[in-house]
Amino acid sequence: MVKVAILPDVGIPLTDGTRLSARVWRPDSTTPLPAILEYLPYRKSDGTALRDYPMHQHYAENGYVAVRVDRRGCGDSEGFFDDEYSEEELRDGEEIIAWIAAQDWCDGKVGIQGISWGGFNGLQLAARAPAALKAVISIGSTVDRYADDIHYKGGIQLGENLGWAATVLSWFSMPPDPQIVGETWRETWMERLHATPFLAERWTAHTDRDAYWQHGSVCEDYAAITSPVLAMGGLHDGYRNTMAHLVGNLSAPVQGIAGPWNHKYPHITTIAPGIDFLNLAVRWWDRWLKVRDNHADQDPAYRAYVMDSITPVDILTERPGRWVSMTKAPTRGGAIPFGDGLIGATAAFAITLPSDLSCGRDCGEYFPFGFGGGELPGEQSHDDARSACFDAQPVSESTDIVGAPEVGLTLQSDGQKGQVVVRLCDVAPGGTSSLITLGLLNLRHRGGFDKAVDLVPGESFEVSVTLDQCAYRLPAGHHLRVSLSTSYWPYCWPEGQEFSLTVTSGFLALPKADIAEDPGFDPPIPVEERPQTVLQEGAATKDYVVDPDTGQITTTIYGDQGRILDGLNDLITHSDRTEVWTIRPDDPTSAHVIITWNRTLARDGEFEVKTTAVAEMWGHAETFEIRTQLTAWDGEEQVFDREDHANVPR
């Protein structure tokens, strides 16, 4: 076994004088080695410490220097946080890569990897082509920050836009570790709190795909990425499209893997089967950083886990299915017309969709982390009953659907604004309806996402809605259902005024893919975990209540991550969140949410700090009203309290 030294705080000096903090895993070697960077805001001393430990240890044991860097203004790094994927963050990233490559322990070759934030900025840095960056592994990421991130989908604001603002407000409210930064920790903490940006307002204000979202969207210039990219993601995650987008558009060496996972690394997913990501990654690094002819570049371009049909369950721990492979990303297939409630019929029809704000009860959550029930979509019959449904004939033999379905519609609206939500469902012979995939469209963006244009009441127009990538086996005897609705709360925000749509024609285009059976991957290997003690167990609940007098619908989500003692640095962490989403089915201006995060960081006998972050939002007819409040305590003393408030045009 290779001896590995773990250095908890290696300073990376930036040209503006800011010091970033890195944890470094260094093999006992006098020979310069390639390095693997993970660059995140999520606090290496506590936030991702448990996840980082076995992964970067494994890389070091296989002949790499692993470098985990806290982003500017987060964790143990100096400076202030400004925004996600900002120009400052990416400039810093270029400096980090150059600094790593120049160290005497590095041979000049650097790879970058990450999930979610780290998957985003890895692709974004690759598009800036720093000389030392030679390979990328990107997981749970996106190529388009507007079309396919946590803020907007099809031009409609997602409920998670505010949810993410609340999460970030809480995540970045903690101080650096006093054992690393010393006596200045409290002063640094106060400065950070005062510099906290009002991101909920900023993200809500950019309703179109403008320069703000174009920045960091690598789809603006795929050719800028020349480093080989391995892209992975979960089909139960909100980020399920990137793998196909990259495989279909990069000219650099690229491979995509779409598994049955949630928003987790593939070896620690809570939805089995996981895979041996650690050795798969080492094989990728060996090919491109050590330039070994191990044939990793000859693996299939796209591999997907075709999920079997199951009855939706409250908590999913394993998804049956099988792996398939393709030489290229799936493409669009032929169009199947809609008739009067049927797929494959051609009879003329006109179906009106009224506003029904109770649709969306079983939507699940954009970000399923495996924290409890209700994260994944439930049985869809409740929402189907509040939608216009087009049903196909039952299939005579099992049929694989791999890729992104497309639904075309001819519509009329009785208002100037409107939205359509399209769900593709698997209906079993007994009537159970299971969500396969979905797509959304703000109809004012029917001509493009760069500018919203009002509808002309009563005027017909055509739209095309591309649904999320899927890999699904429809069993013999089951049939497909396309369900159309005008809202999907709380997955996304409804329009501020009532409207109805009339559908007069449509089609379903299923994806086309030339698939081959694939042996799949080895299961995750056992690893040495970072020691920890659970001082208080976590908990999670989700409740849906309808007031019998007012009809108000209240969805309450609660999650407690438990109180955890880190066995190496003695830090104690705890966090919990409560989300309360309310709406009345007959009043779109009643849409409201309040999200509260409580977070604690402590070390027995030394310090204990707590913060409460609150984000609240109302959906008025023409504006969104937003309020955030951040409060902090040092022990029992309240040391900070700030409230921000804004009305943002829709």
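A pocket, on a 1 Å grid over the protein atoms alone, is an open set of points with protein on both sides within 12 Å along at least five of seven lines; a cavity is a set of points where a 1.4 Å probe fits but cannot get out, and lining residues have an atom within 4 Å of a point. Grid points are joined across faces, edges and corners, and a volume is the space filled by probe spheres set on the points.

The model is predicted: local features need pLDDT of at least 70, side-chain atom pairs count only at pLDDT 80 or more, and totals for chains, interfaces and linings use all residues. Residues are numbered from 1 along each chain as its sequence is written, and side-chain values use heavy atoms, with hydrogens and water left out.

**Stop 1: the second largest pocket**

Select Ala147, Asn241, His245, Phe449 and Thr466, which lie nearest the centre of the second largest pocket among its 29 lining residues. The space in this pocket is about 570 Å³. Next, colour helix H9 (242-249), strand E19 (433-442) and strand E20 (461-466), each of which supplies at least two lining residues. Helices (H or I, at least four residues) and strands (E, at least two) are DSSP runs, numbered from the N terminus. H9 provides the largest share of this lining, 4 residues. By class, the lining holds 12 nonpolar, 11 polar and 6 charged residues; Ala, Val, Leu, Ile, Met, Phe, Trp, Tyr, Cys and Pro count as nonpolar, Asp, Glu, Lys and Arg as charged, and the others, Gly among them, as polar.

**Stop 2: the largest cavity**

Now select His236, Leu376, Pro377, Leu435 and Ile436, the closest to the centre of the largest cavity of the 29 residues that line it. Its volume is about 430 Å³. Strand E19 gives the most to this lining, with 5 residues. The lining divides into 18 nonpolar, 6 polar and 5 charged residues.

**Stop 3: Asp560**

From Leu376, move to Asp560: the two are 184 residues apart in sequence and 18 Å apart in space, C-alpha to C-alpha. Asp560 lies in strand E27 (residues 553-566). Is Asp560 buried or exposed? Asp560 counts as buried because its relative accessibility is 10%, where buried means under 20% relative accessible area, exposed over 50%, and partly exposed in between (1.4 Å probe, protein chains only). Its side chain makes polar contacts with the side chains of Gln536 (3.2 Å) and Tyr558 (3.3 Å). A polar contact is a pair of N or O atoms within 3.5 Å; within protein, one must be able to donate a hydrogen and the other to accept it, and residues adjacent in sequence count only if both atoms are side-chain atoms.

**Stop 4: Arg627**

Select Arg627 in strand E31 (residues 623-634). Arg627 is buried, with a relative accessible area of 14%. The side chain of Arg627 makes a polar contact with that of Gln629 (3.2 Å).

**Stop 5: the largest nonpolar core**

Finally, select Leu37, Tyr59, Ile100, Phe277 and Trp285, the residues with the most contacts inside the largest nonpolar core, which has 83 residues. Helix H10 (residues 277-288) contributes the largest share of this core, 8 residues. Such a core is a set of buried Ala, Val, Leu, Ile, Met, Phe, Trp, Tyr and Cys residues joined through side-chain atoms within 4.5 Å. Leaving aside neighbours within four places in sequence, Trp285 is in contact with residues including Ile36, Tyr64 and Lys290, contact meaning heavy atoms within 4.5 Å.
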